[in-house]
Amino acid sequence: SAALAFDEDGTPELRVMVRDISERKLIEHNLKDSETFKRSILDSMPSQIAVLDHQGVIVAVNEVWQRFALENSGKPGQHARNTEVGVNYLEICLASFGDIDEGAQEVHEGILAVLEGRLQSYSLEYPCHSPNEQRWFLASVTPLGIEYRGVVITHTNITERKLAENELRIAAIAFETQTGMVVTDANAVILRINKAFTKLTGYTEAESLGQTPHMLSSGQHDKLFFETLWNDLINTGYWEGQIWNRRKDGNIVVEWLAISAVMDAHARVSHYIGVYSHIIQNLEAIEEIHRLAYYDPLTKLPNRRLLQDRLSQALAVSTRNRLYGAILFLDLDHFKQINDTRGHEAGDLLLIEVARRLRNVVREVDTLARLGGDEFVVLLEDLDTDVEVAASLVKQVAGKVLGVLAEPYLIHCNEQDYNFHCSASIGIGLYIDKLTPEELLGHADLAMYEAKSGGRNALRFFDMTMQEVVTARTSLEQDLRQALAHQEFKLYFQMQALHNRRIIGAEVLLRWAHPERGLVSPRDFIPLAEQTGLILPIGLWVLETACAQLKTWEAVPLARDLQLAVNVSAHQFHQECFVEQVCAALERYAIQPDRLKLELTESLVLDDIEDTISKMLALKTHGVSFSMNDFGTGFSSLSYLTKLPLNQLKIDQSFVRNLGVKHSDAVIVQTIISMGNNLGMEVIAEGVETEEQRAFLELHGCPAIQGYLIGRPVPLEEFERQLNR
Ligand code: C2E
Ligand code: MG
């Protein structure tokens, strides 16, 4: 080869290159006609190839043909038997006919047709399965040329293509299901839809391809919804959820949509597949369901679910704009009483009126919700960047709310007018960020309880100490669960005596020797034990320990006649097996039943009067006696008092404390004493601390006393020393 080139000065220069091509020339020359040349071409083909003469006799075969014949001889497959050079292939085809070989007859016909010039060429796809694999072949027959009469026959393995086609067919059928399907590219441009998609959305394939699913947008979802959807898709490759779409005819439908991302070999999203299952088609039905799902049917206010949505949004917004917001957690005071005494219908009307008044007080933008029962929540957003300003704004609103709710209610119900008074207790939780809706509600709820225990018709702000109290309670609860097993409980005994100081018995009082806190008062853990149900095993332990003590005392002359008073909690008393439990303990320790006195509270009795009476009567027949603790503090009424088989009334220490201080309490004490005497019950006063109180009680005919004046609750050893003294 030659080339014109230029040197640095621009002077032209002719360059000539000589290459040795003799080798190439030699191959070309030798191969052109040689057998080797033809062979190597034939053998390099992946198909089985044979050349047949005009009678169908095999003249030449390639290597693949030979190998196939060798590997498959004796196995099914017509082209596999005796197909070496010199054999008549047409005869073999005929011999195979009727055998398991498929296609042999057709191939035979095809070869004849091409040989006789009836066909230019012939081809046939046929299955040729072997016992351990599925195979398909393509047979093709072409004339040898003009000079020679004969044909070239090839068999090509097309199994891979066939399998792929089958897969595609299955996929295509699967795609046409009852659920709407859409395939998009990575940019959400629609590439394919199925018929169900058209049925569901009203959009045909022509209208859909090239669009994005945005064409279905109903406007019902906010930005946050789609942000979450895409976040999930990007992070996990999957999203599913309920989505509101607009059909082509404008109707809104609710659908369940599941989207999966399809990844390519480089783990990049190549497609998205969306599957729509149709849920509801009727807009009115949807609205009704929406209303039922998110609104309280009675007051028409948003319900807890909707409130939670709004709270999440409000919390997200406040994190962004740094403005404080607040919720008021509002609970009506003594609503249950109105419901119980005037019926649910009146209660419902009252709630409706409360909702109406609340709506009038809060701004249009504030969310007002009913959580259920007599609990309402007001959400006040975007108050101020300054926490104190925000707090004072909330306080104003809460004050107004208390004011309007405390006004008298006139309820017309069952053709009668009722006048009610009903106040509310409000807990306030301020928020700015880093809170979940549940935490915020929890804060305000806690503050509401503070407002209630502070005397109701009041408002309280949540503060961290409240949270600490709750946290401390949780850890106390954990310890309480271990206390029985760790034998941390102890019984203290507080004497009960006559005025001449003769001891008639004792009240057993539970103490918890906590490994870190020291002695814990029952006032601090009994309520917790009640709420957690732990009072059941604990109460049983107290009962059994007291019985065991009574048994031991039977052998001690000074103690033999003492009676032990055991406090029983409501939960414990109302369990089904309580009577059996007590009887079992009496039997196990074989003690005289009248040595055991059970102290009940008024609230226990009122919880379920019928159950109380029947259990008391059952135990009474076994000889157990009963004392009414805290008598006079609750809704004591003569009517139930006469029905209860009580042995003793215990005058509550709150009245005793006020003897000589508050005249009305002295009157109550006198009344209880004469009531007891008239009903044939013993009377005992507890919490006697001073000589004046004792003297008053003695003067007015209360024979027995209990209190610090004569003895504090003490451990067993100390109590026994007191006895001896
Ligand atoms: P309670 O049954 O009214 O018990 C009387 C409480 O008043 C005891 O408090 C006692 O220590 C205290 N007390 C006695 N005399 C005086 C006095 O003169 N002045 C003053 N200020 N207080 C006096 P404690 O032991 O702290 O028990 C508190 C409550 O815990 C009991 O009230 C009872 O309701 C409950 N409790 C105690 N032990 C048990 C128990 O074994 N089972 C159950 N279910 N509750 C128990
Ligand atoms: Mg008691």
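This is a predicted model: local features need pLDDT of at least 70, side-chain atom pairs count only at pLDDT 80 or more; totals for chains, interfaces and linings use all residues.
The magnesium ion (ligand 2) is held by four named residues of the chain: Glu507 and Glu599 each contribute OE, Asn567 contributes OD1 and Asn629 contributes ND2. The coordinating distances run from 2.2 to 2.7 Å. Along the chain, the donors of this ion are arranged with the spacing E-x59-N-x31-E-x29-N. Asparagine 567 belongs to strand S23 (residues 563-567) and asparagine 629 to strand S25 (residues 625-631), so this pair ties together parts of the chain that are 62 residues apart in sequence. The two asparagines can also be described by their accessibility. Asparagine 567 has a relative accessible area of 28% and is therefore partly exposed, whereas asparagine 629, at 8% relative accessibility, counts as buried.

Beyond its neighbours within four places in sequence, leucine 459 is in contact with Lys395, Ala398, Gly399, Leu402, Ile426, Ile428 and Ala451. The C-alpha atom of leucine 459 is separated by 8.7 Å from that of alanine 424, a residue 35 positions away along the chain.

The cysteines were examined for disulfides. A disulfide is a covalent bond between the sulfur atoms of two cysteines. With a cut-off of 2.5 Å between sulfur atoms, the count comes to 0 disulfides. For cysteine 422, the closest cysteine sulfur is that of cysteine 413, at 15 Å, which is too far for a bond. Cysteine 422 counts as buried, at 2% relative accessibility. Cysteine 547 likewise takes part in no disulfide, and the nearest cysteine sulfur, in cysteine 583, lies 11 Å away. Cysteine 547 is buried, with a relative accessible area of 0%.

Aromatic side chains form 16 pairs in the structure. In one of these, the ring centres of phenylalanine 225 and tryptophan 239 are 5.8 Å apart and the ring planes meet at 80 degrees, so the arrangement is edge-to-face. Phenylalanine 225 lies in helix H9 (residues 223-236) and tryptophan 239 in strand S10 (residues 238-246); the pair therefore ties together parts that are 14 residues apart in sequence. Both partners fall in the buried class, phenylalanine 225 at 19% relative accessibility and tryptophan 239 with a relative accessible area of 8%. Another pair consists of phenylalanine 573 and phenylalanine 578, whose ring centres are 5.2 Å apart. The planes of these two rings stand at 45 degrees, so the pair is tilted. Phenylalanine 573 and phenylalanine 578 are both buried. Ring pairs also join Phe489, Trp512, Phe525 and Trp541 into a cluster.

The charged end of arginine 511 is placed over the ring of tyrosine 492, at 5.3 Å from the ring centre. In a second case, the charged end of arginine 712 sits over the ring of tyrosine 708, with a distance of 3.9 Å to the ring centre.

Key:
Residues are numbered from 1 along each chain as its sequence is written. Chains are lettered from A and ligands numbered from 1 in the order in which they are written. Side-chain values use heavy atoms; hydrogens and water are left out. Donors are N, O and S atoms within 2.8 Å of the metal (3.2 Å for Na, K and Ca); water is not among the atoms, so sites may look incomplete. Helices (H or I, at least four residues) and strands (E, at least two) are DSSP runs, numbered from the N terminus. Buried means under 20% relative accessible area, exposed over 50%, partly exposed in between (1.4 Å probe, protein chains only). Contact means heavy atoms within 4.5 Å. Rings of Phe, Tyr and Trp (its six-membered ring) pair if their centres lie within 6.5 Å; planes under 30 degrees apart count as stacked, over 60 as edge-to-face and the rest as tilted. A charge sits over a ring if NZ of Lys or CZ of Arg is within 6 Å of the ring centre and within 35 degrees of the ring normal.
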